[in-house]
Number of protein chains: 2
Amino acid sequence: MTTASANGQPVTMRDVADAAGVSVATVSLVVNKKKSARIGDATRARVNHAIKTLGYRPNALAKNLVSGQSKFIGLVADAIATTPFAGQIIHGAQDEAWKHGFVLLVANTEGNDDAEREAITMMLEYQVRGVIYSTWYHRAVEVPAPLKETDFILVNCYETSRTQRAVVPNEFQGGYAATRIAIERGHRRIAFINTLTHSPARDGRLAGYRAALSEARITSHGEIVIDSTPEQEGGYAATREVLRSGATAVFCHNDRVAMGLYDGLRRRGVDIPGDVAVVGFDNQEVIAAHLRPPLTTVQLPHYELGATGVRRLLGVSQSVDNTPAVTEIDCPPVIRQST
Amino acid sequence: MTTASANGQPVTMRDVADAAGVSVATVSLVVNKKKSARIGDATRARVNHAIKTLGYRPNALAKNLVSGQSKFIGLVADAIATTPFAGQIIHGAQDEAWKHGFVLLVANTEGNDDAEREAITMMLEYQVRGVIYSTWYHRAVEVPAPLKETDFILVNCYETSRTQRAVVPNEFQGGYAATRIAIERGHRRIAFINTLTHSPARDGRLAGYRAALSEARITSHGEIVIDSTPEQEGGYAATREVLRSGATAVFCHNDRVAMGLYDGLRRRGVDIPGDVAVVGFDNQEVIAAHLRPPLTTVQLPHYELGATGVRRLLGVSQSVDNTPAVTEIDCPPVIRQST
DNA sequence: ATGAAAGCGCTAACAC
DNA sequence: GTGTTAGCGCTTTCAT
């Protein structure tokens, strides 16, 4: 405990000033390395020495108070834990915030409206520079009223009018990229196991799939869309239909579906990628790289979502002006052995 | 923007006091609902009205400054994103902190020592009430020096002397519980696919496995330990040896290993749980519940780890005194269909 | 080159 | 019941 003076109280600038025989103003100057006002070398040395020996640490709270603005960025998430994904958003946001001297104030609301309002209010009371409002899956949201009292940006979600700033994954491009992978390997009969639940993921990926197909002059007749639940069980259940369709490649709504499909395919002795190529979506941490064979997929850019959110919030993004309210981040393909 | 007065500056207590024609002290009293000093009903009403119309919000920074103690709890993690697990720790910590009026300041260090020191320093400057130092897998750590300048607790890690407060999963109990599941279903030849990497997980689970075995009067002769890498690939690779051992049940070091083993077993037409029962470890989100058949496993209590960490940090845990420095949290069994 | 003093928004004695 | 006052730890003119 070098930071506590004899009396047990934390060491303040006052203490340092006294120890160095100077005024607090002088200490402030040397602590902040102000280049404007020059301090005598001897004085500076004395002050620095006092700081060292006393173990002085500036009080960020006081600093923020006087400057009138804090170095906090709030991050409210509807589900930190339900998915590995949210972690990546926090991670990206935290790294980027850090770079600019900001720290993250994190709140988890479990989708509870009251908790959400409370969290945002709390953040406002801490004078946050702005808040990142994020969801664990890409969807439309209504902006909670208190959010509008500060600078904010939606991450992995958007407001339906699309007038509020947001950063979301480019589902269309992702679906297109995934389909292209199959096409480039010469496949012509490419099935798409999509989900039934309405979402930007469902619609965007489907549109991307179609765009890639038609670009490759595969008529809508050659389109094979199978609806299923977006989990392993759904992929497994879709196996029969996939096989019956005569598809030689399958683009799955997500990696979990692909995992289920692997299972179904293997059960019928179908080789991947020999008989059927499989492309996933998400590049989910614990799954994708470790399926047998490792899964070719398309990555949901959660880290980037978080980082870009902070960047736009702080206004350090290039082309701030003509950026549309909703920024879409590409989903890069990750090629492995399933195609 | 109701929180900004005409001049664009945030609304302060001063503004409210002026609007209500009272002093700031009075406003402070009604804002904090101090029951000690009674305020005239009329005055209170006027103040509340002014607060509403002006959209006043207390400045938490100022509040913390004067009280000398903040409502922050720092959480430094070595890897927020590499794993779904860390998210659960954050989640638990955040929920518990919230309950006590605290907010989480999160920093991610990617295991980088400098980043770590910087993060902790920053937290100290923000006058955190204490910090949670957590790792994404259970291991021994050296406590970074700056940490000792504040209240802290290790979560999912511990210091080798075991003199520092820590909260970790009870690997022994977990290994024991997992093995018990097999034993209770009548199995006598129970293999354990362990990892090669030295860790509390490796040693603790092994000890638990052995304890359960010997308790069931299965001699060390009947012990079948197979070392492999702690991922899908390792589980798959272990298949042969598992089969050769004649085991009718397999306890896997983790769910990912179990997933690989499923694959290997299925490939050879071995039925789960008909021919071989499988027990995992971790209860990993995206995997365990969705294997075919759903995996019986034992849950790593990450949420609890985070929550307990905060509770002990804040001193709200019962039996604060005679609690040993290192608290172990049980890993509850999760029964599904693989056994 | 350095110090004195005002003040950031708020709380807590202590007056009246 | 309510106002006055003195700080919390720091930054920032403005003197000297």
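**Figure 1. Strand 1 of chain B and its two neighbours.** In this predicted model, strand 1 of chain B runs parallel to strand 3 (residues 130–140) of chain B, and five bridges join the pair. Within that pairing, B:Gly74 has B:Val131 of strand 3 as its bridge partner. Strand 1 of chain B also pairs with strand 2 of chain B, again in the parallel sense, over six bridges. Here B:Val76 sits opposite B:Ala107 of strand 2. Strand 1 of chain B covers residues 72–77, and six of its six residues are buried. B:Phe72, B:Gly74 and B:Val76 point one way from the strand. B:Ile73, B:Leu75 and B:Ala77 point the other way.

**Figure 2. Strand 2 of chain A.** This strand is mostly covered, with six of its six residues buried. A:Val103, A:Leu105 and A:Ala107 point to one side of strand 2 of chain A. A:Leu104, A:Val106 and A:Asn108 point the other way. Within chain A, strand 1 (residues 72–77) pairs with strand 2 in the parallel sense, over six bridges. One bridge partner in strand 2 is A:Asn108, which answers to A:Ala77.

**Figure 3. Strand pairing between the chains.** Strand 2 of chain A (residues 103–108) pairs with strand 2 of chain B. The sense is antiparallel, and there are three bridges. A:Leu105 stands opposite B:Leu105. A:Val106 stands opposite B:Leu104.

**Figure 4. The side of chain B that touches chain A.** The contact involves 47 residues of chain B and 48 residues of chain A. Several elements of chain B give two or more residues to this side, among them strand 2, helix 4, helix 6 (113–125) and helix 9 (232–245). Helix 5 of chain B gives the most, with eight residues. By class, this side of chain B has 22 nonpolar, 14 polar and 11 charged residues.

**Figure 5. The axis relating the two chains.**

**Figure 6. The surface near DNA strand C.** There are 29 residues around DNA strand C. A:Ala25, A:Gly40, A:Thr43, A:Val66 and B:Met13 come nearest. Helix 2 and helix 4 of chain A, together with helix 2 and helix 4 of chain B, each give two or more residues to this surface. Helix 4 of chain B gives the most, with five residues. By class, the residues near DNA strand C are 16 nonpolar, 11 polar and two charged.

**Figure 7. The surface near DNA strand D.** There are 27 residues around DNA strand D. Those that come nearest are A:Met13, A:Ala25, B:Ala25, B:Gly40 and B:Val66. Helix 2 (24–31) and helix 4 (60–67) of both chain A and chain B each supply at least two residues of this surface. The largest share, five residues, comes from helix 2 of chain A. The surface near DNA strand D has 16 nonpolar, nine polar and two charged residues.

Figure 8. In soluble globular proteins, nonpolar side chains tend to be buried together. The largest nonpolar core of this model has 182 residues. Its members that touch the most others are A:Val250, A:Leu261, A:Val278, B:Ile73, B:Val250, B:Leu261 and B:Val278. Leaving out residues up to four places away in sequence, B:Val250 touches B:Ala191, B:Ile193, B:Val242, B:Leu261, B:Val276 and B:Val278.

**Figure 9. The surroundings of B:Val257.** B:Val257 lies in helix 10 of chain B. B:Val257 counts as buried because it has 31 C-beta neighbours inside 10 Å. Leaving out residues up to four places away in sequence, B:Val257 touches B:Ile193, B:Ser228, B:Pro230, B:Glu231, B:Gly234, B:Gly235 and B:Cys252. B:Arg217 is 40 residues from B:Val257 along the chain, and 27 Å separates their C-alpha atoms.

Conventions: Residues are numbered from 1 along each chain as its sequence is written. Chains are lettered from A and ligands numbered from 1 in the order in which they are written. This is a predicted model: local features need pLDDT of at least 70, side-chain atom pairs count only at pLDDT 80 or more; totals for chains, interfaces and linings use all residues. A residue is near a molecule or strand if its C-beta atom, placed from the backbone, lies within 6 Å of it. Helices (H or I, at least four residues) and strands (E, at least two) are DSSP runs, numbered from the N terminus. Ala, Val, Leu, Ile, Met, Phe, Trp, Tyr, Cys and Pro count as nonpolar, Asp, Glu, Lys and Arg as charged, and the others, Gly among them, as polar. Two residues are in contact if their C-beta atoms, placed from the backbone, lie within 7 Å. Two strands pair if DSSP finds at least two bridges between them. A nonpolar core is a set of buried Ala, Val, Leu, Ile, Met, Phe, Trp, Tyr and Cys residues joined through C-beta atoms within 7 Å. A residue is buried if 20 or more other C-beta atoms lie within 10 Å of its own, exposed if 12 or fewer, and partly exposed in between; C-beta atoms are placed from the backbone.
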